[in-house]
Amino acid sequence: MHFHHHGYVSGDPRVQPVAGTGIDRPEELPDEMDVLIVGTGPAGMLTAAQMSQFPSVSTRIIERRPGRLEIGQADGIQARSVETFQSFGFAERIIAEAYTITEMAFWKPDPENPSNIVRAARTLDDAHGISEFPHLIVNQARVLDYFAEVMANAPTRMTPDYGYEFKDLQDTGEGEYPVKVTLVRTAGPDEGAERVVRTKYVVGSDGARSKVRSAIGCSLAGDQANHAWGVMDVLAESDFPDIRTKCAIQSGSGGSILLIPREGGHLFRMYVDLGEVPEGSHGSVRKTTIEQIIAKANEIVHPYTVEVRDVAWHSVYEVGHRLTDRFDDVVAEERGIRDPRVFITGDACHTHSAKAGQGMNVSMQDGFNLGWKLGHVLEGRSPAALLSSYSEERQVIAQNLIDFDKQWSSLMAKKPEDFENPSELEEFYVRTAEFPAGFMTEYEKSLLVAGPDHQDLATGFTIGKRFKSSPVVRLADGNPKQLGHLAQADGRWRIYVFADRAEAGADSATKEFAEWLTTAAESPLAATPEGADDDAWFDVKVVYQQDHTNIDINAVPDAFRPKVGPFKLTHLEKIFGAQEGDDIFEKRGLSRDGVVVVVRPDHYVANVLPLTATDELGAFFAPILAV
């Protein structure tokens, strides 16, 4: 953690100095703001947490509930989300309280007695070592709490405005705050009263029944629900031997269960198969009682029993896969003519089953994608055209999710006797592990993602995919570090320079590239505002091929030793050497002639270039920077 550069900090260093809109921040919702976020679900709260890092941007997030969420519907946290939590500073703490999934058990009818179930297989959750981060189970409400803490500790001192419901909006096209939003008070002495506020941008994170989505003329389209599941979080006594292991259970009597142990050592969740939903039933299955769900669960797990002692939460839902054709307010005929003002995220634009554990995770990545872009546009770093890339990038990812979830949910609902291959379910789980872990996202070539012209220089950092971390050794103190874990969710671009074979002080392509970065008018660093820290907009790090003990820190170019804070102190923690026995150059297929890897603020690789391609690097950033 980097601090003290503005002076000695005696308290919690996670509490950043108040700045910008955080100074004298009004407690009550103001009449005007830069961004209004509707809904404090995972997508909305991550968007708000990212926006809170931009001190000059006025952002408010409203919620119709009178206070924080107490128990959430989602609980699965994929490894990619834990990576994201790391960048927001709370991965270690949430890992400590969560349940960690290390393996999954598959139970099927006993061939000798199909009325009973037997364990058929066990598989590792991450057999291929996709990530150094674990797959977690933790209550959605706790995830939201951590993001609320990030917001409260940020320079803007953001907190949710509870007790406000979105009613409607109108883009007037007039003035500095062109979007007119009508809200209704849902709590307090003025409950029921309407309130009008004005804003530059609206983010609708208000769930599957989104009123923001309706206000911009979007609708969900896709498959109607045809299968129902009862879900319950319970405390229970059971002789089922894998009650604390994630399980897919298929019974001989028909029906299946997805068992998810929860955090704390006792609570667990069961998704219980309630069967096909007849056409014209008008949602009658939703009247299924908790007693009926428990009875069905006991029928499926026979000869074992589940004696429920307490129900923390339960619900009944029908599986449907639906998607909007756009994630903003710009209709097809207006694309390229005007920039968006209103956006929708999460369940407001894509819905699917809960059993693949993707809803909260993909929704948070919607917010991560959008948040930094809004911050850059509103701070004047980038042109407003950047905002069109949100819908273009995330709509494709949501479609991929729905395609995957259709396969997984249909396999879970399939009767054991209908499988041609008895091991089909567990083989699918292992074969597709990278997708539910959150690492299959690959953005296509665009304004923010370069083509693969130089991909061969860094085969382990696929352009368009997330930057996969690897161990290095920090030069200043000899501490081993995971390079990717050092990227904070602070809205900065990352430029990773993997040096050529030459030593730090020698004339080399690395030294010439560093000189260009700090002196050329075409360098992206030239856009950094006067008076700001050298690394205010771009976090530049260098990794040398030599062992850290063989690198002279005083010979390292100034591009990798920026001046920061009011005292212009040299930041020495951006210089690294390769780790013996786990060389990042070998592990990530990096050219020994040196290579530059450009990474977006949301951790996705944007470009791979040779050290000599300064013209290409300058040309890549030219349309992204509003200078």
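**Helix packing and local features**

Reader: Which residues in H7 do Pro42, Ala43, Leu46, Thr47, Gln50 and Met51 in H1 meet?
Author: This is a predicted model. With contact taken as heavy atoms within 4.5 Å, the H1 residues Pro42, Ala43, Leu46, Thr47, Gln50 and Met51 meet a set in H7. By class, this contact holds ten nonpolar, six polar and no charged residues. The H7 residues are Met360, Ser363, Met364, Gly367, Phe368, Gly371, Trp372, Leu374, Gly375 and Leu378.

Reader: Are H1 and H7 roughly parallel or roughly antiparallel?
Author: Helix H1 covers residues 42–51 and helix H7 residues 359–378; their axes come within 7 Å and cross at roughly 30°. The crossing is right-handed. Angles under 35 degrees count as roughly parallel. H1 and H7 are therefore roughly parallel.

Reader: At roughly what angle do the axes of H1 and helix H4 cross?
Author: Helix H4 spans residues 140–153, and its axis comes within 9 Å of that of H1. The two helices therefore count as roughly parallel, and H1 passes H4 in a left-handed crossing. The crossing angle is roughly 15°.

Reader: How many nonpolar, polar and charged residues make up the contact of H1 with H4?
Author: On the H1 side, the contact involves Pro42, Met45, Leu46, Ala48 and Ala49. These meet Gln140, Leu144, Phe147, Ala148, Val150 and Met151 in H4. The residues of this contact divide into ten nonpolar, one polar and no charged.

Reader: Which helix holds glutamate 393, the salt-bridge partner of lysine 373?
Author: The closest N and O atoms of lysine 373 and glutamate 393 are 2.9 Å apart, and the two form a salt bridge. Lysine 373 lies in helix H7, so the pair ties together parts that are 20 residues apart in sequence. Glutamate 393 belongs to residues 388–413, which form helix H8.

Reader: Where is proline 303, which a cis peptide bond joins to histidine 302?
Author: Most peptide bonds are trans. The bond between histidine 302 and proline 303 is cis, with omega about 20°. Proline 303 is found in the loop between helix H6 (290–301) and strand S17 (306–318).

Reader: What is phi of histidine 4?
Author: Histidine 4 lies in the segment before strand S1 (32–38). Most residues other than glycine have a negative phi. Histidine 4 has a positive phi, near 80°.

Reader: How far apart are the end C-alpha atoms of residues 441–625?
Author: An unreviewed UniProt entry annotates residues 441–625 as "domain: Phenol hydroxylase-like C-terminal dimerisation". In the model, the span is 12% helix and 21% strand. Its end C-alpha atoms lie apart by 25 Å.

Methods
Residues numbered from 1 in each chain as written. Predicted model: local features only at pLDDT ≥ 70, side-chain atom pairs only at ≥ 80, totals over all residues. Heavy atoms only, no water. Axes fitted to C-alpha atoms, helices over the stretch in contact; angles between N-to-C directions. Helix = DSSP H or I, 4+ residues; strand = E, 2+ residues; numbered from the N terminus. Parallel < 35°, antiparallel > 145°, perpendicular 65-115°, else oblique. Left-handed = near helix turned anticlockwise from the far one by under 90°. Nonpolar A, V, L, I, M, F, W, Y, C, P; charged D, E, K, R; others polar. UniProt positions renumbered as here; feature names shortened; annotations may be inferred. Salt bridge = Lys/Arg side-chain N within 4 Å of Asp/Glu carboxyl O.
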